[in-house]
Amino acid sequence: MALSLNDSIARQKQLRTLRNDDIIAARADLLAPEDRDLIKAVVINGQSAEMIARIAGVRGSTLRKRVRKLLKRINSPDFIDTARILPLLNPTQLAVAKAHILQGKSIRAVASETNLSYHTVRKTLTQVRAIAAGVKNLKKNYPSLIGSN
């Protein structure tokens, strides 16, 4: 039995939402644990931001702003491109990319955490972004070589 047009449209929206939730959940796994838990609770599980804010002892508007900021970060091209190239990075590049680009820590905090100088962290971020741009360029020009990820 064929679906009516309205049922078909509703089904497509439902499937798109499921795919989007899977993408958001996969990207959230790359965030810091507290940010990952917040995104999964509010966006994936649909818990009320007001309820979570009350439990955390913060204002609802503060929590909603934090969720918007995290969603903006995980949907940014920089985040997506970096997530794609993680297997290609050396240990130092990986640590710096995860801390700064994926988890949103400041360059100064990353430098302190990794025992690298501020300028070394900046140089490493430049290298990471160059690798990401190179892979993106290869993917654009040679899609059969790179794949569709």
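Student: What is the mean pLDDT of the protein chain?
Tutor: The mean is 86, and 84% of the residues reach 70 or more. pLDDT is the predictor's confidence in each residue, from 0 to 100. This is a predicted model, where local features need pLDDT of at least 70, side-chain atom pairs count only at 80 or more, and totals for chains, interfaces and linings use all residues. Residues are numbered from 1 along each chain as its sequence is written, and side-chain values use heavy atoms, with hydrogens and water left out.

Student: Where is confidence lowest, and where highest?
Tutor: Lowest in helix α1 (residues 5–28), at a mean of 69. Highest in helix α7 (residues 107–114), at 97. Helices here are DSSP runs (H or I, at least four residues), numbered from the N terminus. Where pLDDT is low, the predicted coordinates should not be read in detail.

Student: OK, α7. At what angle do α7 and α8 pack?
Tutor: About 105°, with the axes 8 Å apart. That makes α7 roughly perpendicular to α8 (65 to 115 degrees). Axes are lines fitted to C-alpha atoms, for helices over the stretch in contact, and angles run from 0 to 180 degrees between N-to-C directions.

Student: Which residues meet there?
Tutor: From α7, Ile107, Arg108, Val110, Ala111 and Thr114. From α8, Tyr118, Val121, Arg122 and Leu125. Contact means heavy atoms within 4.5 Å. By class, that is six nonpolar, one polar and two charged residues. Ala, Val, Leu, Ile, Met, Phe, Trp, Tyr, Cys and Pro count as nonpolar, Asp, Glu, Lys and Arg as charged, and the others, Gly among them, as polar.

Student: And α5 against α8, how do the axes cross?
Tutor: At roughly 85°, coming within 9 Å. Helix α5 covers residues 77–85, and α8 covers 118–141. The two are therefore roughly perpendicular to each other. On α5, the contact uses Asp78, Asp81, Thr82, Arg84 and Ile85. On α8, it uses Val128, Arg129, Ile131, Ala132, Val135, Lys136 and Lys139.

Student: What's the class count for that contact?
Tutor: Five nonpolar, one polar and six charged residues.

Student: What does threonine 124 touch?
Tutor: Thr92, Gln93 and Val96, leaving aside residues up to four places away in sequence.

Student: New topic: where does aspartate 37 sit?
Tutor: In helix α2 (residues 33–44). Aspartate 37 is partly exposed, with a relative accessible area of 45%.

Key: Angles under 35 degrees count as roughly parallel, over 145 as roughly antiparallel, 65 to 115 as roughly perpendicular and the rest as oblique. Buried means under 20% relative accessible area, exposed over 50%, partly exposed in between (1.4 Å probe, protein chains only).
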